[in-house]
Amino acid sequence: MNEKLDVYPKVSLAQTDQPLPKFFTNGYGRYSQFQPMARGGKAELYTCYDTNLGRTVAFKTLHRAITNDDYEQRRFIREARVTAQLQHPNTVPVYDLGIDIEDRLYFTMKKVEGDTLRDVIEALKRDDPEAAATYTVERILGILIQVCNALAYAHAHGVVHRDIKPSNVLVGFFGEVILLDWGVAKVWDLSAEEDQMARLEAVRNDDPPEVEDLTGTGKRPGTPLYMSPEQVEGDKGIDERTDIYSLGVMLYELLTLQDASRGASVRETFHNIVHVDPEPPRKVAPDRMIPRALEKICMKALKKDPDKRFQTMIEMVGAFRAYRLKALQSSPDE
């Protein structure tokens, strides 16, 4: 970890005391020094330098192949605006939304660095001693509580994330926790235009093809392994309890280092999510010494019936905090 911190650029007078450029602009022209950062199924991510403020930011844009797709444009703009409006310590600040010189939509945001919970899980699976020492049950709970707080804030503002998974939770090198990627978020305030967009989505969201990568996004909004039963069944009335289920799946994986409902295909995985209760974590991974109280929280979040889960993220946070208090004076098996 210390080696990673050593590469951080230092703030300098050359950055802070430079006059504004002669040809000042608040648009795309303020960005330079583009470097590839990541590439997803629909978007590309770069780092670039903001010459006005003297800082490096993240720059996201649609793939050229879909840059003129009306549906994808609307989704992209929604992602930028939803992320910008959810101003919480555990979300990414958005700085700018615009169109570049190639008429492609883009938005810029804070460049965040660290390890995702997917990185953490993979390190724990490899029996990495540093990961095991760093990511104790107590540390993992602290991370999940911050994720829950971000989701509680989003839910209070009428937004459901719909794609909670380990790769969308970043743990920064200074302890910060960021919930990423609001690209398939559901916004409750459906105007006539949103209804039209929802119909476009419904047309596209047929049963996904049989694919091997169960962590990739299919035609339904979300990621197969982490979808709730109501997402799998295409329920348009999903609410914040779908995020509670997905967080339960993520907790299950963090506790057991195994998937809750994985099948041999996406179709089998969907069948398991809807019809098959996952084995209790303590039975699946007896060697990991999973506290019984945490197993109970996890299994409640994974109830097929939304009415039997935690009804709000605040309620789930309360359960985590109650466990922490009891853990101070109880044996690990309890």
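**A tour of the sheet and its helices**

Begin with strands β1 and β2, which form a hairpin with 3 residues between them; helices (H or I, at least four residues) and strands (E, at least two) are DSSP runs, numbered from the N terminus. The model is predicted: local features need pLDDT of at least 70, side-chain atom pairs count only at pLDDT 80 or more, and totals for chains, interfaces and linings use all residues. Residues are numbered from 1 along each chain as its sequence is written, and side-chain values use heavy atoms, with hydrogens and water left out.

Select residues 31-39 (β1) and 43-50 (β2): the pairing is antiparallel, over 6 bridges. Two strands count as paired if DSSP finds at least two bridges between them. Within this pair, Ser-32 has Tyr-49 of β2 as its bridge partner.

Next, display the whole open sheet, whose 5 strands follow the order β1-β2-β3-β5-β4 with antiparallel pairing. At the edges lie β1 and β4 (94-99), each pairing on one side only. From one strand to the next, the twist averages 25°; axes are lines fitted to C-alpha atoms, for helices over the stretch in contact, and angles run from 0 to 180 degrees between N-to-C directions.

Move to β3 (residues 55-62) and β5 (residues 105-110), antiparallel strands joined by 5 bridges. Here Val-57 stands opposite Lys-110 in β5.

Finish just after helix α6, where Gly-158 takes a positive phi of about 80°.
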